[in-house]
Amino acid sequence: MMDDAFVLTMPLWEIAVRASLVYLALVFLARVVPKRRVGSISPNDILSLIVIGGLGADAIAGGSTSTADILLMIGIIVAWGYVLDTLEYRFAFVRRLMRHRQTPLVRDGRLLRKNLQHELITEEELMTELRRHDASELSMVESACLEADGEISVIKRPEPAGRRDG
């Protein structure tokens, strides 16, 4: 029985196709989901990640229990990760396809409501982030953007010369 653990139970082509298709589908899914990461990750997001990961693993493994099958699948997934990272690094058009872009949320002290709505960020969440950047009101903000990594960057307006504390 122990020697069966290291024998492929699926054809090599099936292992490669399953691992590749499911991994690339999950990469695509991650790309179309909004980049919203305001504050910390929500319980719903954690649950979604766990379920998607479990379903993805089941789809890749296809019921296989052989150690050799599973190690080969892991190797293929790691290889795809490396290939995609390399392609993103070398080719700007691939990077544009694979990565989220910066989304402006505030410009010259005004909310860009359509962008907030598109990124599923509430006004309250945005204001919380602005306060973390020492901007208690919109008029203090020159611009605020949701970055590709899900963080919000804030550029405050310069303070008038006569209003310095201290």
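I started with V83: it is partly exposed, at 36% relative accessibility. This is a predicted model, so I kept that in mind throughout. V83 sits in helix α3.

Patch members need over 30% relative accessible area, so V83 at 36% qualifies. Two elements give two or more residues each: α3 (67-90) and α4 (92-98). Helix α3 has the largest share, with three residues.

F91 has a relative accessible area of 37%, which means it is partly exposed.

I searched the whole structure for aromatic pairs and got one. The partners are F91 and F93, with 6.0 Å centre to centre and 50 degrees between the planes. Why tilted? Stacked needs planes under 30 degrees apart and edge-to-face needs over 60, so 50 degrees lands in the tilted class.

Last, I zoomed out to the protein chain. I counted six helices and four strands, in the order α-α-α-α-β-β-α-α-β-β along the sequence. Of the 166 residues, 27% are buried. The chain exposes about 11,500 Å², and carbon and sulfur atoms supply 62% of that. I also looked at contacts between residues at least 6 apart in sequence: 62% of them join residues at least 24 apart.

Terms used
Residues numbered from 1 in each chain as written. Predicted model: local features only at pLDDT ≥ 70, side-chain atom pairs only at ≥ 80, totals over all residues. Heavy atoms only, no water. Phe/Tyr/Trp six-rings, centres within 6.5 Å; stacked < 30°, edge-to-face > 60°. Buried < 20%, exposed > 50% of the residue type's maximum accessible area, 1.4 Å probe, protein only. Contact = heavy atoms within 4.5 Å. Areas by Shrake-Rupley, 256 points an atom, 1.4 Å probe, with all protein chains shown as cover.
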